[in-house]
Amino acid sequence: VKMKIELCQFSGYKIYPGHGKRYITKDGKSFVFLNNKCAAAHLAKRNPRKIDWTVLYRRKHKKGATEEVAKKRTRRTQKFQRAVAGTTLSDLMAKRNQKPEVRKAQREQAIRAAKEKQKAKEATKSKSKPAAAKSHQSKNKAAQKIQAPKMRVGGKR
């Protein structure tokens, strides 16, 4: 024969046979309490969610639930390949899959082209520079002849 185990209406604890207190209101509602402490708290209209030894309080404030439920697993972020401003994804993948030697050769070729461009620019500058420099120097000499050295007045500074 199986014994009937009831639950306390206030605290939420199990009530074993031979224990507890049954309270029946005038309108016929039946309440079962574990002990006089629970019955008195219920009759004083206390809220079991605010009393820290009740099951309802512990559930509301998540007490003791960590042993029962395992922590949720966080999902790993997935990596995506995206195109960069001036290039498409296919161009990027092609560049990534190139052999290092090919990439190095392209780099050296680009460097060589940039250097040649720089030399050409310098050559055009140097051709026009001498004539302009001579006229600029003569102006400076004339200005230096006109300016007389200023006399210093005062102390060390």
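**Close-up views of the predicted model**

**View A. Helix α1 is followed by K45, whose phi is positive, near 60°.** The structure is a predicted model, in which local features require a pLDDT of at least 70 and side-chain atom pairs a pLDDT of 80 or more, whereas totals for chains, interfaces and linings use all residues. Residues are numbered from 1 along each chain as its sequence is written, and side-chain values rest on heavy atoms, with hydrogens and water left out. K45 is not a glycine, yet its phi is positive. Most residues other than glycine have a negative phi. The residue belongs to the loop between α1 and α2; helices (H or I, at least four residues) and strands (E, at least two) are DSSP runs, numbered from the N terminus. K45 counts as exposed because its relative accessibility is 76%, the classes being buried (under 20% relative accessible area), exposed (over 50%) and partly exposed (in between), with a 1.4 Å probe and protein chains only.

**View B. The chain as a whole provides the setting for the close-ups.** The chain contains four helices and four strands, and their order along the sequence is β-β-β-β-α-α-α-α. Of its 157 residues, 9% count as buried. The accessible surface amounts to about 15,700 Å², and 54% of this belongs to carbon and sulfur atoms; areas come from the Shrake-Rupley method with a 1.4 Å probe, and for residues only the protein chains shown count as cover. Among contacts between residues at least 6 apart in sequence, 25% join residues at least 24 apart, a contact being heavy atoms within 4.5 Å.

**View C. Strands β3 and β4 form a hairpin with five residues between them.** Strand β3 spans residues 21-24 and pairs with β4 in the antiparallel sense, over four bridges. Strands are taken as paired if DSSP finds at least two bridges between them. Within this pairing, R22 stands opposite V32 of β4. G28 of the hairpin takes a positive phi near 100°.

**View D. The largest nonpolar core comprises 10 residues.** Its members are C8, F10, I15, F31, V32, F33, C38, A39, A41 and I51. Two or more of the core residues are contributed by each of β4 (30-33) and α1 (36-43). Such a core is a set of buried Ala, Val, Leu, Ile, Met, Phe, Trp, Tyr and Cys residues joined through side-chain atoms within 4.5 Å. In soluble globular proteins, nonpolar side chains tend to be buried together.

**View E. Helix α1 has C38, A39 and A41 as buried residues.** Seen down the axis of α1, the buried residues fall within an arc of 165° and therefore line one face of the helix; the arc is that of the directions from the helix axis to the C-beta atoms. These residues pack against β3 and β4. Neighbours within four places in sequence aside, A39 is in contact with K21 and F33.

**View F. S11 occupies the loop between β1 (6-7) and β2 (14-15).** Because its relative accessibility is 0%, S11 counts as buried. Its side chain reaches the backbone nitrogen of Y13 at 3.3 Å, a polar contact being a pair of N or O atoms within 3.5 Å; within protein, one atom must be able to donate a hydrogen and the other to accept it, and residues adjacent in sequence count only if both atoms are side-chain atoms. When residues up to four places away in sequence are not counted, S11 touches L34, C38, W53, T54, V55 and L56.

**View G. T54 lies in the loop that joins α1 to α2 (55-60).** T54 has 0% relative accessibility and so counts as buried. The side chain of T54 reaches the backbone oxygen of P48 at 2.5 Å. Apart from neighbours within four places in sequence, the contacts of T54 are with F10, S11 and P48.

**View H. H61 and K62 are placed in the loop between α2 and α3.** H61 is partly exposed because its relative accessible area is 34%. H61 and K50 are 11 residues apart in sequence, and their C-alpha atoms are 9.9 Å apart in space. K62 is exposed, with a relative accessible area of 68%. Although K62 is not a glycine, its phi is positive, at about 55°.
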